[in-house]
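Hi,

Here is the model I promised to pass on. Have a look at it first, and my notes come after.

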Amino acid sequence: MYLIFFGYGFASLIPSGSSTGSYLHFLTPGIMAFNAVMAGAVAGGILWADRRYGMLAQLLVQPFTRTEYLFGIMLTSLLLGLGGAALMLVIASLLIGVSTLTILGALAAFGAIALGSVFFGSLLLWIAALVKSNNAYNSIQILVLFFVDFASTVFYQNTSSLPYPIQILMWANPLTYIANTARGGYFGTLSTNDGIEMILLAAETVIVLVLATRAYLRSDVSME
Amino acid sequence: MSAATPLSTPNPVIRAGGLRHTYDGKKLALDGVSFSVEKGEVFGLLGRNGAGKSTLIKAMTTLIEPTEGRLEILGMDARRHGRRIRARIGVVQQGESFEFATVETGLDIYGRLWGMQAAERHRRAEELIEQFGLAEFRRKRAWDLSGGQKRRVQVAREFLHDMDILFLDEPTVGLDVVMRRSLLDLIRARVRAGLTVVFTTHNLEEADYLCDRIAVIDHGKILALDTVANLKRLYIGKQTIDLTVDAPDAPRFYAALRAAFGERGTITVEDNQAVLLVADPKAALAQIVDLAQRLSVQIEWLTVRPNTLEDVFLHSIDAGRDTAGRP
């Protein structure tokens, strides 16, 4: 939806001819990266719903551990992120053609999305483990997703023409790292900056994963 | 009565000693609970909402680690061997589960979670569908079922796998009388085959029907623990008076009544209603009427009846309140 409506909607407003070609080409790796956020939201939603409706308590009295359940959710997030990104790539190739993508570029793009899926999966799991009311969970989730989605380079580049606070927010947003690396892989323009951003994202992912795991292991299994 | 005292049983499958649990280090849910459950026993947990029953069940099913105390399930430390314990227990909880799946798919998923082979899963599922009368809605999704049908499915599902102890958290809620009795009889049959059952319920009749021993729990403490027969025997020779007075007069009237009765009877008060347990109901009635006249209080309802397990439950809780110094 984003690819089609945002892509075609804004393509008429944004002049082509830059290094990234048309806006649809620019948007494709951004939307692929965006799947990491959507996958993370699903992961958080699974834990939240399982806690809220008592399913978690019913699962955890069976012969497997809490950590295995967590691993299952993270795997779901990872597969959804990668699957969604692959689907976006297929749709984009049908709509506009994808000629610049190399194997190395694809590995970099999908590697960044995989890491991003774990990051956002952990972030949303952390929230789902800490929050105790449905309204609070929904509000925080929407706020986080709205900020992450739009203060990133998914839909537009971080240029000096943007207000400075927005530039800072975009620079600090992990989705920007994922979108930049996916874009670098897509257009074959990977740089040292992308490598640094991936190292930063990996470090942030470890921190958030540890926090999420601790909060999840300490959380009550149900809301009752 | 052996309240809050560990029983020395020859073959305990559950042994709890001095169990305490607090949520977030603040809310005390279990306060020094000690008991044991013998193999092949049906052990009932009775208590009001928030009494600590669910926390105790969560501890015994390894969903939470008690803050203090010792807890052994099937001879294993519940803190250290959660997974091994869970492989040998079954738990029927109150929440919804597998709502997205049809009855037969839910059974199949459950069997997979327990690592059962396909042929065994299908064979056991067919047996349970027949045994629990699930055939007519076997292809319906759980969210399309009535509350009673969902409950039947949940209980049936737990019998898919083998187990040594079955924990049932209010398993008969929403079931009609016929299905309730059929379920209780089914559990009894499994108990005769060696299964141990820990059972929570608000329905005291079914506790009476099913349980070998009962623990009455309130404010995280076990107030009474004994066989149903022994608990009832405590009240032999006494009778129960149900009393209701005008709501505005209730506090001062019941305060005066408590003072007047002293040690000669126990009084449980809920709003403007009271239940009195007395040895001499005739004298008690005269005293109540006399007190009402002196205080100009209108009596709305006054009746004498034999004791039930419900009275045991109510008076245990009331005695526990007095001991804890609560109103």
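Below is what turned up for chain A and for its interface with chain B.

First, the ground rules. This is a predicted model, so local features need pLDDT of at least 70 and side-chain atom pairs count only at pLDDT 80 or more, while totals for chains, interfaces and linings use all residues. Residues are numbered from 1 along each chain as its sequence is written, chains are lettered from A and ligands numbered from 1 in the order in which they are written, and side-chain values use heavy atoms, with hydrogens and water left out.

Chain A has nine helices and zero strands (DSSP runs: H or I of at least four residues for helices, E of at least two for strands). Of its 224 residues, 48% are buried (under 20% relative accessible area, 1.4 Å probe, protein chains only).

Now the interface. Chain B puts 20 residues in contact with 19 of chain A (heavy atoms within 4.5 Å). About 1700 Å² is buried between the two, 52% of it from carbon and sulfur atoms (accessible area, 1.4 Å probe, lost on putting the two parts together, summed over both). On the chain B side, Leu63(B), Arg83(B) and Arg86(B) supply 34% of the area buried against chain A, more than any other three residues.

Arg83(B) also turns up in the one salt bridge between the chains: its side chain meets that of Glu68(A) at 3.1 Å, N to O (the rule is a side-chain nitrogen of Lys or Arg within 4 Å of a carboxyl oxygen of Asp or Glu). Helices H2 (82-86), H3 (103-113) and H5 (147-158) of chain B each supply at least two residues of the side that touches chain A.

Cheers

Methods: Buried < 20%, exposed > 50% of the residue type's maximum accessible area, 1.4 Å probe, protein only.
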